[in-house]
Amino acid sequence: MILTLADRARAQRDAHPLLFSIALSLLLALIGYWLAGAAGVALGALTLVEAAKLSQTDLQRGVVETFILESSVLDRLPLLPIEGNAYAYNEEGTLPGVEFRAVNSAYSESTGTVNQKTESLVILGGDADVDTFIAKTRGNLNDQRATQTRMKVKAARIKYQDSFINGDVAVDANSFDGLKKRLTGTQVVDAATNGLGMIGASDNDRHAFLEILDEALSRVAGGADAIYANARFVGKLRSVARRIGGWSSYTMADFGKVIETYNGIPILDIGKRADGTEIIPNDEVQGTADDTTSIYAVKFGEDETDGGVTGLFNGPAAVFDVRDLGEIDSKPVFRTRIEGFLGLAVFGKGAVRLRGIRANA
């Protein structure tokens, strides 16, 4: 009888289950090391959509899918797995000089410069506790632990989205700097000295707004993959673009989310904080105006070579670690812990902020 490799493997597994398990673990470890290359080398980036497919447990998969369904950031942000707690890289500073030379003459020596940068991981998560009494006496109405876990996931999603824009280590030393603090110089575009209205009284006014929007988008190296704004801006842009052109929509293939686009670029509502305030507010000050807002155009990239914006996490383990700790000793509660070791990196000119937009006008 001819045996395939699969038949032989099953036979070995059935005859020596413990040895088979050890050998398989060693093989997977070697494969993981080979993929990683060497210590300190980052692996290829993935999105949470892919992470959901790779999640090992139903609990973990459910948590990751909740992040995807409810987040306009974590559903598309590439996540670069790194070893250790920080990612060091070189960013291009100044280019070396080149020149035309005459026959038998020499070039002038010139070298480029690079800036060494480091992005550190931070810890985001929380514990969801349910009293044993509630779990056992009220579980017939709802799965109390599932409800608390879902609420904890929602809070973590909001916290990350807020930090993605407004994070500031000077305010919260345990967080990371977001786009608002990172973007400076030519990566910040003022719509007008004292704010610029979106709608206006004529097509010329609307064209003026779209022109400055297109100017800001042109400053994203490689082209923007997403525009983040608040709900009011998204609604007003929808109105402007439908009158003049450039608005369309599509359905996100993996999870059925409908995404609206401006000239092919997804325009996404960044949402609100847990207290109901806008993550990107409508009361920013621009000159004499105190009713303006900003938008953030982002290109997603996997590393400093690609440029763009990427998330970081301690890999190659799961992006979010979800652990059912059972009933804990210190008090009679069932505990679920959700935790991620995450970070953010902005490479090159991978994002731009357009500020001073009067979404009410």
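Along strand S4, which covers residues 122–131, the side chains alternate between two faces. Val122, Leu124, Gly126, Ala128 and Val130 point to one face and are buried.

Strand S4 has a partner. S4 and S15 pair in the antiparallel sense, over 10 bridges. One point of this pairing can be found by looking at Val122, which stands opposite Leu342 in S15.

Asp127, Asp129, Lys331, Arg335 and Arg337 are linked in a network of salt bridges. In the whole structure, a search finds 17 salt bridges.

Lys181 forms a salt bridge with Asp168, and the closest N and O atoms are 2.8 Å apart. This pair links distant parts of the chain: Lys181 is in helix H7 (residues 179–182), while Asp168 is in the loop between helix H6 (144–166) and H7, and the two are 13 residues apart. Lys181 counts as partly exposed because its relative accessibility is 39%. Asp168 also has a value that makes it count as partly exposed, namely 22% relative accessibility.

A second salt bridge joins Arg355 to Asp190, with the closest N and O atoms 2.4 Å apart. Here too the pair links distant parts of the chain, since Arg355 lies in strand S16 (residues 351–358) and Asp190 in strand S5 (residues 188–190), 165 residues apart. Arg355 has a relative accessible area of 30%, so this residue is partly exposed. Asp190 has a relative accessible area of 37%, so Asp190 is partly exposed.

Glu339 forms a salt bridge with Arg323, the closest N and O atoms being 3.6 Å apart. Glu339 sits in strand S15 (residues 333–347) and Arg323 in strand S14 (residues 321–327), so that the pair, 16 residues apart, links distant parts of the chain. With a relative accessible area of 22%, Glu339 is partly exposed. Arg323 is partly exposed as well, with a relative accessible area of 26%.

The backbone has points to look at too. Most residues other than glycine have a negative phi. Asn104, however, has a phi near 70 degrees, a positive value in a residue other than glycine. Asn104 lies in the loop between strand S2 (86–94) and strand S3 (113–120), and is exposed, with a relative accessible area of 79%. Asn263 likewise has a positive phi, of about 50 degrees, although it is not a glycine. Its place is the loop between strand S9 (258–262) and strand S10 (265–269).

Finally, how far can the coordinates be trusted? The protein chain averages a pLDDT of 78, and 74% of the residues score at least 70. Over residues 1–13 the pLDDT is below 50, and this stretch has four contacts in the model beyond near neighbours in sequence. Over residues 51–63 the pLDDT also stays under 50, and for this stretch the model has 24 contacts beyond four places in sequence. Where pLDDT is low, the predicted coordinates should not be read in detail.

Methods: Residues numbered from 1 in each chain as written. Predicted model: local features only at pLDDT ≥ 70, side-chain atom pairs only at ≥ 80, totals over all residues. Heavy atoms only, no water. Helix = DSSP H or I, 4+ residues; strand = E, 2+ residues; numbered from the N terminus. Buried < 20%, exposed > 50% of the residue type's maximum accessible area, 1.4 Å probe, protein only. pLDDT = per-residue confidence, 0-100. Contact = heavy atoms within 4.5 Å. Salt bridge = Lys/Arg side-chain N within 4 Å of Asp/Glu carboxyl O. Pairing = 2+ DSSP bridges.
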